[in-house]
Amino acid sequence: MSSRAVVLLSGGLDSMLAIRVLQEQGLEVEAINFQTIFTCCKNTAAQAAHELGVPLTVIGQEDDYIELVRRPKYGYGKGANPCVDCRIYMFQQAAQVAEQLGAEVIASGEVLGQRPMSQKRRDLEIIARESGLEGRLLRPLSALLLPPTEVEQRGLVDRSRLFGFHGRNRKHLISLAQSYGFKSIPSPSSGCALTETTFAPKVYDLIQLDAESGRWDFELLNIGRHIRIDEATKAIVGRREEENIALQQRFTQPGSRASLMLVPESFRGPTVMIIGPLADEIESYADGLVARYSKDVDLTDARVYKHTPGKTTLESIAPHEQAVELCTL
Ligand code: SF4
């Protein structure tokens, strides 16, 4: 009977190749895709799994992942990406799935030296050790540059048919993919908002200024324009219709910490959400943001629905003129 392997699959080239390398050795592979509130591309992983002919299990994060983003033991990359801690978390989850499936091999498409944050030799060692997989975590694409794992020593995987890829150059990986007949070569992308330097300020703002923030707040980072009004208060402005709707849905969601939401009555303008203590001046700022981001509207008679928890009123707006100077994160 063939050995079973659990392999992390992002849908990118490296993880697809790692699966294919093990399939070539006759291993029965189960792919695992890890989704967080900051990742996209579930379909990419599903398509990749389909192309490779492997079953796919999608696993999500629990609330403890937020704590990891808030206080990563191994720090952040260029954005707000705690990649080393995140990989440890992923492999801990993968190890549980492997145990349930009776899979002896746990593998990933990591390439030594390819990513500055999580694929240096020391990082790979830390990730294996801290996820409880020291000596067991197989990286088929760089295995020849790393100490043999248990599964290689036991002969479950033939080390001589693994690879010694290193660094950022994808030429050899692409050649290997072509030799396997891959229909298309995925372009390099993390698919994770945390790596984006434009997204990072919103994350750091939340971590540094809002100790009470939780999953609801972090999920909101993916929606709208975030504006810091003062240390205790921030506004979120919908940038298009689907974001306006998403903000309105989240206003009443369990865990919601919104104190005010403005929705234009009958003109094209943004939904504005306020998180933080309410005061007349804050309401006036919220009105000002509606005015600032409404296009081609005569605001003299404009009215908005003002929702506070448990109460809705219909009011004219009284924009705070300094709203235009507020800082977008
Ligand atoms: S890019 Fe995002 S999902 Fe990937 S390891 Fe880093 S933090 Fe985790």
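**Ground rules.** I number residues from 1 along each chain as its sequence is written, and my side-chain values use heavy atoms, with hydrogens and water left out. As the model is predicted, I asked for pLDDT of at least 70 for local features and counted side-chain atom pairs only at pLDDT 80 or more, while totals for chains, interfaces and linings use all residues.

**Parallel sheet.** I took helices (H or I, at least four residues) and strands (E, at least two) as DSSP runs, numbered from the N terminus. Strands count as paired if DSSP finds at least two bridges between them. I found an open sheet of 5 strands with parallel pairing, in the order β3-β2-β1-β4-β5. Its edge strands are β3 (56–60) and β5 (137–138), each pairing on one side only. I then looked at β2 (residues 28–35), which pairs with β3 in the parallel sense over 5 bridges. Here A31 has L56 in β3 as its bridge partner.

Helix α4 (residues 83–101) lies across β1 (4–8), β2, β3, β4 (105–107) and β5, and runs at about 155° to β1. For that I used contact as heavy atoms within 4.5 Å. Axes are lines fitted to C-alpha atoms, for helices over the stretch in contact, and angles run from 0 to 180 degrees between N-to-C directions.

Next I listed what surrounds the ligand: T39, Y65, P82, C83, C86, R87, M90, C192 and T195. My cut-off was a heavy atom within 4 Å. Which element gives the most to this shell? It is α4, with 4 residues. By class I get 6 nonpolar, 2 polar and 1 charged, where Ala, Val, Leu, Ile, Met, Phe, Trp, Tyr, Cys and Pro count as nonpolar, Asp, Glu, Lys and Arg as charged, and the others, Gly among them, as polar.

**Helix α1.** I checked the length of α1 (residues 13–24): at 1.5 Å a residue its 12 residues should span 16 Å, and the end C-alpha atoms are 16 Å apart, which agrees. The expected span is 1.5 Å times one less than the number of residues. Buried or exposed? α1 is mostly covered, with 9 of its 12 residues buried. Buried means under 20% relative accessible area, exposed over 50%, partly exposed in between (1.4 Å probe, protein chains only). Among the buried ones are L13, M16, L17 and V21. After α1 comes G26, with a positive phi near 85°.

**Helix α8.** Its buried residues (α8 is 200–209) are A200, K202, V203, D205, L206 and I207. What covers them includes α3 (64–70), α9 (215–220), β6 (225–230) and β7 (233–237).

**Antiparallel sheet.** β6 and β7 form a hairpin with 2 residues between them, joined antiparallel by 5 bridges. I227 stands opposite A235 in β7. β6 also pairs antiparallel with β12 (residues 327–328) over 2 bridges, and there R228 has C327 as its partner. The open sheet has 7 strands, ordered β11-β10-β8-β9-β7-β6-β12, with antiparallel pairing. β11 (311–316) and β12 stand at the edges with a single partner strand each, so one side of each has no neighbour in the sheet.

**Q248.** I ended on Q248 in helix α10 (residues 241–251). Q248 is partly exposed, at 30% relative accessible area. Leaving aside neighbours within four places in sequence, Q248 is in contact with M261, V263 and T271. The C-alpha atoms of Q248 and M273 are separated by 8.5 Å, at 25 residues apart along the chain.
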